[in-house]
Amino acid sequence: MAMVNPEVEELFKDAENLYQEALKELEEGRIRKAAENAWGATAKATDALLYARAKVEIVRGLGRTREIYKLAEKDSEVGALVKEYNDRILHLHGNCFYEGICKIPGIDLEKLIVETGRYIENTKKIGLNK
């Protein structure tokens with residue numbers, strides 16, 4: 001069994017901590033802060049996945065998005081995560097945190113925040129099992 005890179009483990013741990021912060025902020029009614037933390041958790045989990053599966057050094061901003069798209073083209077397991085990633089970058093990061101638009105027609109932002117935990121678990125399964 002291959003050793004897990006300590007940097008990958010640390011990124012996943014950071015993702016889980018940010019997710020817990022997001023849940024706490026959500027419970028306290030601070031949805032914009034919860035969205036920011038949930039996006040941060042998504043970004044950290046995605047960075048860990050990219051590092052584990054594609055040996056991509058940690059990238060920021062559009063580089064992360066470009067890299068997950070490139071990996072998804074050749075890796076169907078990663079491809080299955082792209083819609084969830086896109087929903088989070090658009091609604092949690094872009095609309096709610098950045099623009100302050102936290103009531104979005106047809107989008108349950110609170111559910112998206114809560115379900116970030118599932119995204120982290122899915123990236124861990126894919127990133128740590130290969």
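**Pocket, helices and a buried threonine**

Modeller: Start with the second largest pocket, which is lined by K83, E84, D87, R88, G106, I107, D108, K111, L112, E115 and R118. This is a predicted model, where local features need pLDDT of at least 70 and side-chain atom pairs count only at pLDDT 80 or more, while totals for chains, interfaces and linings use all residues. Residues are numbered from 1 along each chain as its sequence is written, and side-chain values use heavy atoms, with hydrogens and water left out.

Colleague: What makes a residue part of a pocket lining?

Modeller: A lining residue has an atom within 4 Å of a pocket point; a pocket is an open set of points on a 1 Å grid over the protein atoms alone, where a 1.4 Å probe fits, with protein on both sides within 12 Å along at least five of seven lines. Here α5 (82–98) and α6 each supply at least two lining residues, and α5 gives the most, with 4.

Colleague: Why is T65 called buried?

Modeller: Buried means under 20% relative accessible area, exposed over 50%, and partly exposed in between (1.4 Å probe, protein chains only). T65 has a relative accessible area of 10%, so T65 is buried. The residue sits in helix α3 (residues 62–74).

Colleague: Which residues does T65 touch, not counting those up to four places away in sequence?

Modeller: T65 touches Y85 and I89, where contact means heavy atoms within 4.5 Å. Y85 is also among the buried residues of α5.

Colleague: What makes α5 short of a straight helix?

Modeller: The expected span is 1.5 Å times one less than the number of residues. α5 has 17 residues, and a straight helix would reach 24 Å, but the end C-alpha atoms of α5 are only 21 Å apart. By contrast, α1 (residues 6–27), with 22 residues, reaches 32 Å, close to the expected 32 Å.

Colleague: Which residues of α1 are buried?

Modeller: They are V8, L11, F12, A15, Y19, A22, E25 and L26. They cover an arc of only 140° around the axis, so they lie on the same side of α1; the arc is that of the directions from the helix axis to the C-beta atoms. What covers them includes α2 (31–54), α6 (109–114) and α7 (116–128). The face turned away carries the exposed residues P6 and E27.

Colleague: How do you know what counts as a helix?

Modeller: Helices are DSSP runs of H or I with at least four residues, numbered from the N terminus.
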